[in-house]
Amino acid sequence: TGSAAGMGETNDTTFITDWTVALLRFLLFLPLGLIVLVIFTLVGRLISALTWRFLDWRARRRGDIYRRERTRTLRGLIRSLGDALAVIATVIFMLAQVMPATAIATTIGLFSAGLGLAARPFISDVMSGLLFLMRDQFAIGDKVEMGDRNVVGYVQSVDLTSTRLRGEAGELYILPNGDIRTIRNFSRSKF
């Protein structure tokens, strides 16, 4: 019985020692992780700025004010996406310093599967919003009919998750982008 108690203390001591070593190793790589974060963030911001300048130049060349609004929306989106990717890459880099690659890959896989199932409606709204911004199916100020309920109104704003329409009687409709399957644009009815 005495040897079993001694064995439990050894396992506890080994666990605490291993945990302490992992924590010290993590803290040792923390400055390197911050440098990596700054580099990834700067690269993301550079890509965002170049993309925005190109899209803004193209909108100015065409002289379309609605395209410029869409360009501003895309600029914020690209910047946020770059910042998020920089943080994710830095976290993965930091975890790689203290964990085996297989454990990191398994954790990321399980996390992304769970997130994908839980956030499916949100992801659907965001993906539809991106497609609306890219495809140029309607612009702010266009009179449109949208959705399964045939909501008719003037487009007030479009963001990643929803589209706002002002009805002819003054009411405001907020439609989740993922629910919009059909779009009838009255402002572009010329053949």
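**Exercise 1. The overall layout**

How many helices and how many strands does the chain have? Work out their order along the sequence too.

*Solution.* A word on the model comes before the steps. This is a predicted model, in which local features need pLDDT of at least 70 and side-chain atom pairs count only at pLDDT 80 or more, while totals for chains, interfaces and linings use all residues. Residues are numbered from 1 along each chain as its sequence is written, and side-chain values use heavy atoms, with hydrogens and water left out.

Step 1: take helices as DSSP runs of H or I with at least four residues, and strands as runs of E with at least two, numbered from the N terminus. The chain then has four helices and five strands.

Step 2: reading along the sequence gives the pattern α-α-α-α-β-β-β-β-β.

Step 3: Of the 191 residues in the chain, 24% are buried (under 20% relative accessible area; exposed is over 50% and partly exposed in between, with a 1.4 Å probe and protein chains only). Among contacts (heavy atoms within 4.5 Å) between residues at least 6 apart in sequence, 54% join residues at least 24 apart.

**Exercise 2. The sides of H4**

*Solution.* Step 1: check the length.

Step 1: list the buried residues of H4, which are Asp-125, Val-126, Ser-128, Gly-129, Phe-132 and Leu-133. They cover an arc of only 165° around the axis, so they lie on the same side of H4. The arc is that of the directions from the helix axis to the C-beta atoms.

Step 2: turn to the face away from the buried side, which carries the exposed residues Arg-120, Met-134 and Arg-135.

Step 3: look just past the helix. Asp-136 follows H4 and has a positive phi, near 60°.

**Exercise 3. Rings**

How many aromatic pairs does a search of the whole structure find?

*Solution.* Step 1: apply the cut-offs. Rings of Phe, Tyr and Trp (its six-membered ring) pair if their centres lie within 6.5 Å; planes under 30 degrees apart are stacked, over 60 edge-to-face, and the rest tilted. The search finds one pair.

Step 1: classify this pair. The ring centres of Phe-54 and Trp-57 are 6.1 Å apart and the planes stand at 35°, so the pair is tilted.

Step 2: Phe-54 and Trp-57 both lie in helix H1 (residues 2-62), three residues apart, about one turn of the helix. An α-helix has 3.6 residues a turn, so residues three or four places apart point the same way.

Step 3: check accessibility. Phe-54 is partly exposed at 45%, and Trp-57 is partly exposed at 46%.

**Exercise 4. The surroundings of Thr-90**

Is Thr-90 buried or exposed? Find its contacts as well.

*Solution.* Step 1: Thr-90 lies in helix H2 (residues 65-98) and is buried, with a relative accessible area of 8%.

Step 1: a polar atom of the Thr-90 side chain lies 2.8 Å from the backbone oxygen of Ala-86.

Step 2: leaving aside neighbours within four places in sequence, Thr-90 is in contact with Gly-33, Val-36, Leu-37 and Phe-40.

**Exercise 5. Loop residues**

Where are Asn-150 and Glu-171 found?

*Solution.* Step 1: Asn-150 lies in the loop between strand S1 (143-146) and strand S2 (151-158). Phi of Asn-150 is positive, near 55°, in a residue other than glycine, and Asn-150 is partly exposed at 46%.

Step 1: Glu-171 is in the loop between strand S3 (162-167) and strand S4 (172-176), and is partly exposed at 30%.

Step 2: the side chains of Glu-171 and Tyr-173 are joined by a polar contact of 2.9 Å (a pair of N or O atoms within 3.5 Å; within protein, one must be able to donate a hydrogen and the other to accept it, and residues adjacent in sequence count only if both atoms are side-chain atoms).
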